[in-house]
Amino acid sequence: MNLSTALVEEKALELGFGDVGFTSADEFTSQRELLQGLEDEYGWVIRMGLDLIAGTDPKTIMPEAKSIIVLVEVYFRQAFPSAMEHHFGRCYLDDDRVTKDRLSMRIRSFRSFLKDHGINSKVPFNLPHRMAAARAGLGSFGKNTLFYSRNTVLGGSWVLPIALVVDHAFEPGAPSFDVGCPDWCRNTCISACPTGALKGPRKIDPRKCISYLTYFGDGITPRELREPMGMWVYGCDHCQNVCPRNAPWLAKAKGLPVNEKVSAMQEDFNLHRLLHMDTLYFTDRIWPHMFYMSDADIWRWKMNVARSMGNSLDEAYVSELIAAFRENSDERVLGMVAWALGRIGGSKAHTALSEFLPGSPAVVQEEIRCALEESVG
């Protein structure tokens, strides 16, 4: 059965997607060449099992591929509790790839619609989704490497392009690969990136990105990055928050109703609870919503929380950090707790650090000594 682009667009909007576009199933040659030239920066992704280079050829995903349909999902339709926004990237706050109770259901409905019209589809994770969206003419890029929508969130970047490879040919849109940032922005996102991950317009070292560091970073966070990472525990929105192109939607968001699902999660994601959580708590309440780290990585969650507490400079966290030092054995957690106590400072923190010094592992002792130099006795 023949299916027009107009009917596909109508169905996508009916299902709540912000926009939809079409592009060919041609290879993403420039993206493949880019990845091949940045093996140091992106090799870790392939080692984790996500073959980005293979994803640049849609026919490795579906040999009979003829087109790509790109759906634009808006993940910032409602406001989020400020306590959550300060610590977690917005795109993760209502991610249902595990719970499958929202976006996944709409994608499934859209694919069923295509199937009913004789069109097979696949939704690959390794296809370059932002490039597909640009090739479909759905928006433009930002200097921060993110994709900015043409028709939703007032031209902002609060969107997730979702690419579906299909075995039916659709008329492709006009590509839009340009960087749409105004000259007067003066590279706001680049200069504001706390860890220097943004090297220039559309140039990023993902290994220095705060998001990467929070869930994929190897070992205890390097000392020189701890303070710049600020309050982020999982993900980061800093380059989006400072972007002039996102200002209109951020202003509007102040009047939006609060996302009830995220609001209900707020107590579970309280920093105190995260710092002291056990495996059962993590697998039951945290992992279904933020799943990049397994239960073997609870240490990283606790390390991130300790760093966030330290950067808050709030003495109310000192007791929690002291308790965390006593209940943990992981040297990465202990080292960050010591750093956080030194960062907050005060007599209570100084006394605890002095008490913890004898008997601690050598690497933790070094962190404690540095923290004692920072704290005020």
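Predicted model: local features only at pLDDT ≥ 70, side-chain atom pairs only at ≥ 80, totals over all residues.
Student: How many bridges join S1 to S2?
Tutor: Six, and the two strands run antiparallel. S2 covers residues 67–74. Phe 22 has Ile 69 in S2 as its bridge partner. Asp 19 stands opposite Val 72 in S2.

Student: And over how many bridges do S2 and S6 pair?
Tutor: Eight, again in the antiparallel sense. Strand S6 spans residues 159–166. Ile 68 stands opposite Val 165 in S6.

Student: Why is S1 described as largely enclosed?
Tutor: Five of the six residues of S1 (residues 19–24) are buried, so the rest of the structure largely encloses this strand. Buried means under 20% relative accessible area, exposed over 50%, and partly exposed in between (1.4 Å probe, protein chains only).

Student: How many residues of S2 are buried?
Tutor: Eight of its eight. In a regular strand, side chains alternate between the two faces of the sheet. On one side of S2 are Ser 67, Ile 69, Leu 71 and Glu 73, and on the other Ile 68, Val 70, Val 72 and Val 74. Both faces are covered.

Student: New topic. How many aromatic pairs turn up in the whole structure?
Tutor: The search finds 20. One of them is Tyr 215 with Tyr 234, a tilted pair with 5.1 Å centre to centre and 55 degrees between the planes. Rings of Phe, Tyr and Trp (its six-membered ring) pair if their centres lie within 6.5 Å; planes under 30 degrees apart count as stacked, over 60 as edge-to-face and the rest as tilted.

Student: Where do Tyr 215 and Tyr 234 sit in the chain?
Tutor: Tyr 215 is in helix H10 (residues 210–215). Tyr 234 is in the loop between helix H11 (223–226) and helix H12 (238–241). The two are 19 residues apart.

Student: Buried or exposed, those two?
Tutor: Tyr 215 counts as buried, at 8% relative accessibility. Tyr 234 counts as buried too, at 0%.

Student: Which kind of pair do Tyr 234 and Trp 301 form?
Tutor: A stacked one, with 5.2 Å centre to centre and 20 degrees between the planes. Trp 301 lies in helix H17 (residues 298–312) and Tyr 234 in the loop between H11 and H12, so the pair ties together parts that are 67 residues apart in sequence. Both residues are buried. They also belong to one aromatic cluster, whose members include Phe 88, Tyr 92 and Phe 269.

Student: Which ring does the charged end of Arg 332 sit over?
Tutor: The ring of Trp 299, 3.6 Å from its centre. The charged end of Arg 106 sits over the ring of Phe 17, 4.8 Å from its centre. The rule is that NZ of Lys or CZ of Arg is within 6 Å of the ring centre and within 35 degrees of the ring normal.

Student: Now pockets. What is the volume of the second largest pocket?
Tutor: About 220 Å³. On a 1 Å grid over the protein atoms alone, a pocket is an open set of points with protein on both sides within 12 Å along at least five of seven lines, while a cavity is a set where a 1.4 Å probe fits but cannot get out; lining residues have an atom within 4 Å of a point. Grid points are joined across faces, edges and corners, and a volume is the space filled by probe spheres set on the points.

Student: Which helix gives the most to that pocket's lining?
Tutor: H21, with five residues. Helix H19 (331–344) and helix H21 (362–374) each supply at least two. The lining divides into three nonpolar, one polar and six charged residues. Ala, Val, Leu, Ile, Met, Phe, Trp, Tyr, Cys and Pro count as nonpolar, Asp, Glu, Lys and Arg as charged, and the others, Gly among them, as polar.

Student: How many cavities of 30 Å³ or more are there?
Tutor: The count comes to one. The largest cavity has a volume of about 70 Å³. Its lining has seven nonpolar, three polar and two charged residues, among them Cys 181, Cys 185 and Lys 143.

Note on methods
Residues numbered from 1 in each chain as written. Heavy atoms only, no water. Helix = DSSP H or I, 4+ residues; strand = E, 2+ residues; numbered from the N terminus. Pairing = 2+ DSSP bridges.
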